[in-house]
Amino acid sequence: MTDKRIIENSKVLVTGGAGFIGSNLVDRLLEQGNQVVCLDNFATGKRENLELALQNKDFTLIEGDIRNFEDCVKAVKGCDYVLHQAALGSVPRSIKDPMTSTDVNIGGFVKMLFAAKEEGVKRFVYAASSSTYGDSTIMPKVEHIIGNPLSPYAITKYANEIYAQNFTDTYGIETVGLRYFNVFGRRQDPNGAYAAVIPKFVMQLMAHESPVINGDGKFSRDFTYVENVIQANQLAAIVSYDKILEVGVGSKSVFNVAYGDRTDLNQLFNILKENLSKFDSEILNVDVIHGENRVGDIPHSLANIDKGRSILGYDPEYDIRLGLSEACKWYWENLK
Ligand SMILES: NC(=O)c1ccc[n+]([C@@H]2O[C@H](COP(=O)([O-])OP(=O)(O)OC[C@H]3O[C@@H](n4cnc5c(N)ncnc54)[C@H](O)[C@@H]3O)[C@@H](O)[C@H]2O)c1
């Protein structure tokens, strides 16, 4: 394995680069001196996430759609790597509108992948998802044992893995899927019907409103700070592909990206309160409300990250407490 742990001297396409994870990748790659192209249609991404990048001469924004093959071809021209983040996230969104989620997450994925193959990129790294574990009750989750998908979103993310593996086998394009587990951090959108739990709770706590926890709060997740995801993407792009191909068991080029620990929603709420009360002590008085369980939610999710550790050299530096303290500071300074 190469000793290098970051992408340097390269041209990188980040699809979905105006979104939460994508914009964090864009900024880091630019800081490291790369040329970065972002392809985004601003479906959920925001121009303000690219405020820094837009001032950088090494950055190119292509406002376009991954469902449009010409946009994909234009964006990927001359790129060494693709970090494919563009997709419509959220399980409930996909239950409400399975057609659009499928068009974007599968149709757009195949177009982007085919464009990358045509252009001869070195590697196509893509955002897969822990939702692929579906109804499997095995814990912690290991890459080669999955269950049945519980939502259209989960199906789209699993389909991505199957297409990517097929493209590797058929055309020889190197692909790596990163199964993200509940990512959080700066710029994750707190607004809208499909907001993730952490930014939503943070905004409610800052406004002294009681968040609603679905169920008794005992459901748990392997919450993953965005810095760990940035590290995994860079390693996935540059690690020797022979090393990835050596892995004997199924789901060859797919890796869990998580911290490898789980936190239940009651604990999460208390850590958030602790962190935010440093800025406003009144927040300590805010209580939680318990509501109904949500359709399609699995009780627990916890990753085994050994495969990423041994093959990619993935070594997450931020546990949930450290990540939440950084994230809360960011929300307080930027969105209060
Ligand atoms: N956030 C998480 O916890 C999590 C967990 C598992 C997987 N993922 C995956 O990670 C990726 C990034 O997620 P995120 O949380 O940053 O979400 P996000 O919504 O902030 O980012 C997605 C980006 O893709 C763009 N996009 C959507 N449709 C597009 C299209 N048709 N053409 C071009 N751009 C389009 C959006 O405008 C947005 O900028 C997604 O693929 C998501 O499924 C995220």
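This short talk covers one glutamine and the aromatic rings of the structure above.

The model is predicted: local features require pLDDT of at least 70 and side-chain atom pairs count only at pLDDT 80 or more, while totals for chains, interfaces and linings use all residues. Residues are numbered from 1 along each chain as its sequence is written, and side-chain values use heavy atoms, with hydrogens and water left out.

I begin with Q85. This residue lies in the loop between β4 (81-84) and α3 (91-96); helices (H or I, at least four residues) and strands (E, at least two) are DSSP runs, numbered from the N terminus. With 12% relative accessibility, Q85 counts as buried, where buried means under 20% relative accessible area, exposed over 50% and partly exposed in between, with a 1.4 Å probe and protein chains only. Beyond its neighbours within four places in sequence, Q85 is in contact with residues including V14, Y180 and N233, contact meaning heavy atoms within 4.5 Å.

I turn to the aromatic rings. The whole structure holds 12 aromatic pairs; rings of Phe, Tyr and Trp (its six-membered ring) pair if their centres lie within 6.5 Å, with planes under 30 degrees apart counted as stacked, over 60 as edge-to-face and the rest as tilted. The ring centres of F114 and F167 are 6.3 Å apart and the planes stand at 90 degrees, so this pair is edge-to-face. F114 belongs to helix α4 (residues 98-119) and F167 to helix α5 (residues 152-171), so the pair ties together parts that are 53 residues apart in sequence. F114 is partly exposed at 27%, whereas F167 is buried at 6%.
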